[in-house]
Amino acid sequence: MYEENSNDQAKWYFIGNTDYWNDPLIELLPVTDTSDKWLPCWLPHIHVDIDTKLTCEEIESITKRIFNKSNVVPFRVTVIDNIVYTIRLRLGIVSGVNIDLDLSTNSRNVQVQRQILLKKII
């Protein structure tokens with residue numbers, strides 16, 4: 001199990017094998033900050049996070065084309081210093097749980113995240 005510093009007070013945990021940085025990891029984000037006014041809009045949720053080599057604009061264009069006759073609309077969920085790292089698509093809600101697809105842009109450096117930023121805790 002690994003931990004990464006978060007951009008808030010919450011803990012970010014990852015389960016998997018970082019020896020192979022291309023392999024997917026399971027991410028766990030237990031929420032501790034209940035003062036966030038948007039909390040009821042996005043919790044509880046499950047999101048599938050997929051790293052891509054696409055730009056933000058490419059992801060938005062492709063997903064708008066694929067989901068053009070639905071209520072699924074891409075939105076920029078992770079933007080830091082005007083750089084878009086993740087586009088989120090709310091696929092639906094099942095029994096009160098939001099189901100999201102997160103598509104990470106080519107701005108996200110997965111190798112650095114896996115090999116340098118993640119700290120082994122178990």
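Across which strands does helix 2 lie? In this predicted model, residues are numbered from 1 along each chain as its sequence is written, local features need pLDDT of at least 70, side-chain atom pairs count only at pLDDT 80 or more, and totals for chains, interfaces and linings use all residues. Side-chain values use heavy atoms, with hydrogens and water left out.

Helix 2 (residues 56-66) lies across strand 5, strand 6 and strand 7, and runs at about 25 degrees to strand 6. Here helices (H or I, at least four residues) and strands (E, at least two) are DSSP runs, numbered from the N terminus. Axes are lines fitted to C-alpha atoms, for helices over the stretch in contact, and angles run from 0 to 180 degrees between N-to-C directions; contact means heavy atoms within 4.5 Å.

These strands belong to an open, mixed sheet of four, ordered 4-7-6-5. Its edges are strand 4 (45-51) and strand 5 (75-80), each with a single partner strand, so one side of each has no neighbour in the sheet. On average, neighbouring strands here are turned by 25 degrees against each other, direction ignored. Eight bridges join strand 6 (residues 83-94) to strand 7 (residues 97-104) in the antiparallel sense, and Ile87 stands opposite Leu103 in strand 7. Strands count as paired if DSSP finds at least two bridges between them.

Another open sheet has four strands in the order 3-2-1-8, with antiparallel pairing. Strand 1 (residues 2-4) meets strand 2 (residues 12-15) over three antiparallel bridges, and Tyr2 has Phe14 of strand 2 as its bridge partner. Helix 3 (residues 110-117) packs on this sheet, touching strand 1, strand 2 and strand 8, and its direction makes about 115 degrees with that of strand 1.
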